[in-house]
Amino acid sequence: MRAVASCLLRYARPRQAVVVGFSGGLDSTVLLHAVHALAKGMELELSALHVNHGLSANADSWAASCAHFCRELGLLLTVRRIDVPLDSGEGIEAAARRVRHKLLADHPADWILLAHHADDQAETVLHNLLRGAGVRGAAAMQEARGRILRPLLGVARDALLAYVRSCKLVWIEDESNADHRYTRNFLRHRVLPLVASRFPRAGEQLAAASARFSEADSLLDDLATLDLRGSPPEFPLPLKLFRELPAARARNLLRAMLTWHCAQAPDERRLNEFVRQLQTAAPDRHPRLDLARYALWCERGRLWYKSLA
């Protein structure tokens, strides 16, 4: 597949290790098969990683199916079982995604390949906008972020279906994907098809808008770096950095710092109020923000951060 080859040529180098996150579903089956066809010629060390969430009665059979597929390709497959916290308050989907991504981030490969495609991108943009996300959320996913590559991000799901049919590949259907109680499934099966019936290029246009938001997000990161005024992007930060900035730039700096520390910014209301307190609190006052996964507080003229994950 041309998109996969182009992505690997842009980033990967001979003798680097590449791991594909392999669920056995349509998307990751296409990605693993396509990368396997390219790996030898590009001198890449390819392997696959399957994450068993244990949330479905079929989870073990899916792992076995992935192992069979990898044996046929002559690839090493690592299967890792994880425990998804059901009481984290973030929902099963988000909790499973967070734990899975943490596992992938800890993998020693040079590049971690994920199989998100163009339809996923459109879904993510719409989902984030409906949740009230800002520029960073609207930017959704990027082809490359750190060691993570998404070679299929510009490829529509219909093209993936055509690929598996032409190659006579078999893939797994996760029964939870049809459950409309999950927000992403509701958007995928109910909302986006309805939008596309009136706006046939909706998916393409949402993906294009995401690319523009991504550019704006990069510029805001650059602005935050300038507003650090030479300070390293680490907590604790001098409070004077926030107090000498206009409110909008102070909020942008805090968002950027949290993102750089792999923490999600609080909702807009709490973010605005906390930054207001940072900029106006008297010396004997110590603003503090406690969230489920981290805490921020002021002490000795500095802003401190502690991860609670």
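E123 is buried, its relative accessible area being 3%, where buried means under 20% relative accessible area, exposed over 50% and partly exposed in between, with a 1.4 Å probe and protein chains only. The model is a predicted one, in which local features need pLDDT of at least 70, side-chain atom pairs count only at pLDDT 80 or more, and totals for chains, interfaces and linings use all residues. Residues are numbered from 1 along each chain as its sequence is written, and side-chain values use heavy atoms, with hydrogens and water left out.

| Residue | Helix | Relative accessibility | Contacts, leaving aside neighbours within four places in sequence |
|---|---|---|---|
| E123 | α5 (residues 118-130) | 3% | R184, L187, R188 and L192 |
| N252 | α11 (residues 247-260) | 8% | L220, L223 and A224 |

Elsewhere, the axes of helix α2 (residues 26-42) and helix α7 (residues 157-167) come within 10 Å and cross at roughly 60 degrees, the axes being lines fitted to C-alpha atoms over the stretch in contact, with angles from 0 to 180 degrees between N-to-C directions. Helices α2 and α7 are therefore oblique to each other, since angles under 35 degrees count as roughly parallel, over 145 as roughly antiparallel, 65 to 115 as roughly perpendicular and the rest as oblique. The contact is made by L26, D27, V30, H33 and A34 of α2, together with R157, L160, L161, Y163, V164 and C167 of α7.

How values were computed. Helices (H or I, at least four residues) and strands (E, at least two) are DSSP runs, numbered from the N terminus. Contact means heavy atoms within 4.5 Å.
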